[in-house]
Amino acid sequence: MRALLVSPTIVLTALLAGSPHSVSAQMKLSPKATAPGSVETRYFTSIDGLMDGNADVILKETRQGKTVTAAVLDVCYPVAKNSDRKDRFVVNLQIAGQTLTGTTQSVGDKAPVTVKLSRKPTGDTFEFRGQIGIGQAVTEVASPDNSDLSEKEFLDNQTTDDGITPQPKDFTEVSPEAIAVKVKLEAATDFLKSLKGQDIEVTLASLNVGCDALRAGEQTINMSVDPERAAALLSKFKATPGVIAAGWTAGMTEMDRTIRISAADWRDGDKINRDKLATAVAGVLSRTLAAKPVSQSFNSTTGKLKLVFKRPNQDFPALELTDTIEVSGLVSADKPGATDRLMLWIGSPSTTTADESTGAKLNVSNDATADEEAEQLDDNGAIEALARELKGQRWDADKSVWK
């Protein structure tokens, strides 16, 4: 996810329910002792169970000694039960002794919000009880044994990585087809609409605006594109209004199934001769899989290679069943910009079995057991065979170098 610097607030984890319900919570961190009369900021970030455990809450308190002088509650929550869409409210709480109250409205749906909590020290921890109302729904709060964090501890816990690498030195830690754009929330809709009709595959999960995004005001959108078009698209995106960052990110490639080869034999001018390389790959895999090549194709959007093979199934030869094996792949330059090397990734084979004989057919289920799934991953040394045939290098994960 992305880096999060939260405004003065309280993060609770809770699902907004349609009727009052009870919640209990427990936190295990111990509060830090403070000098009498000193002013400091403390945070509660683990008030567990609030709103069925589906809300994300931060309570920020300013204290002078043991007296709370200011408090802000920040709650991010699902808009409905089992919904992935989130809303959020931030409320400045009024303090009257041990009672914290406040009213506001949610950021997205503009639902009215009321908060009434009692705060009671219990030794080294704190107990919160009361109610939080959002629209017509009321959540009963019953949360004993809550510990707080210092501001430094809180901020240390908020730093996360958005996974975007604007200028990778190569494609050993990011994937050549996987790109990501961090965009301001208010610009996200226009940006996504601009992608319609383009040869770009948007990752559905990245369309979910989570609590981190709501608090940061930024959303990271992940996409897959043909590696040959990735650099140009990123340059275009970086110049788009509302875009904060753009670059490569993690994707389909795995280094233990990747080889690096010379580009000279596989290029026509400045373009990779993908069909020639795919034919060579299919020839090697047909031997390691003991199967006949049937088809090879490249996805025009993502550049992903799909190879299909067939072979007689050996489980019960008299039935004349047929295995169909699909293998995915990806070929690209081994790094952005000019290079004389290509990177070839080949995925694990996936096998299905069917009756393709003449006459009446036997219906075969391809639901695999764990052992059978493990067998499907066995490609009889295909990556090592490809490295030998194409005079390629394997990745040494221990030394982080090509060998």
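**Entry 1: strand 20.** I started with strand 20 (residues 321–333), where eleven of the 13 residues are buried, so the strand is largely enclosed by the rest of the structure. Buried here means under 20% relative accessible area, exposed means over 50%, and partly exposed is in between (1.4 Å probe, protein chains only). Helices (H or I, at least four residues) and strands (E, at least two) are DSSP runs, numbered from the N terminus.

A note on the source: this is a predicted model, where local features need pLDDT of at least 70 and side-chain atom pairs count only at pLDDT 80 or more, while totals for chains, interfaces and linings use all residues. Residues are numbered from 1 along each chain as its sequence is written, and side-chain values use heavy atoms, with hydrogens and water left out.

**Entry 2: partners of strand 20.** Which strands pair with strand 20? I count a pair if DSSP finds at least two bridges between the strands. Strand 19 (residues 305–312) runs antiparallel to strand 20, with eight bridges, and I found Lys306 opposite Ser328. Strand 22 (residues 350–355) is also antiparallel to strand 20, over six bridges, with Thr324 partnered by Thr352. Strand 21 (residues 341–346) is joined to strand 20 by five bridges, again antiparallel; there Ala333 faces Leu342.

**Entry 3: the core.** Of its 28 residues, Val281, Leu285, Phe309 and Leu390 touch the most other members. Elements giving two or more residues to this core are strand 15 (258–262), helix 6, strand 19, strand 20, strand 21 and helix 8 (382–389). Helix 6 has the largest share, six residues. Leaving out residues up to four places away in sequence, I see Val281 touching Leu307, Leu344, Ile346, Leu386 and Leu390, with contact meaning heavy atoms within 4.5 Å.

**Entry 4: a cavity.** How many cavities of 30 Å³ or more does the structure hold? I get two. A cavity is a set of points, on a 1 Å grid over the protein atoms alone, where a 1.4 Å probe fits but cannot get out, and lining residues have an atom within 4 Å of a point. Volume is the space filled by probe spheres set on the points, which are joined across faces, edges and corners.

**Entry 5: strand 4.** Ala70 is found in strand 4 (residues 67–78). Buried or exposed? At 33% relative accessibility, Ala70 counts as partly exposed. Ala70 touches Lys60, Glu61, Thr62 and Ile95, not counting residues up to four places away in sequence. For strand 4 itself, nine of the twelve residues are buried, so it is largely enclosed by the rest of the structure.

Strand 3 (residues 56–64) meets strand 4 antiparallel through nine bridges. I noted the hairpin they form, with two residues between them and Gly65 in the turn at a positive phi of about 65°. On the other pairing, strand 4 and strand 5 (residues 86–96) are antiparallel over eight bridges, and Val72 stands opposite Asn92.

Conventions. 1 Å grid on protein atoms, 1.4 Å probe; cavity = no way out; pocket = protein on both sides within 12 Å on 5 of 7 lines; lining within 4 Å. Core = buried A, V, L, I, M, F, W, Y, C linked by side-chain atoms within 4.5 Å.
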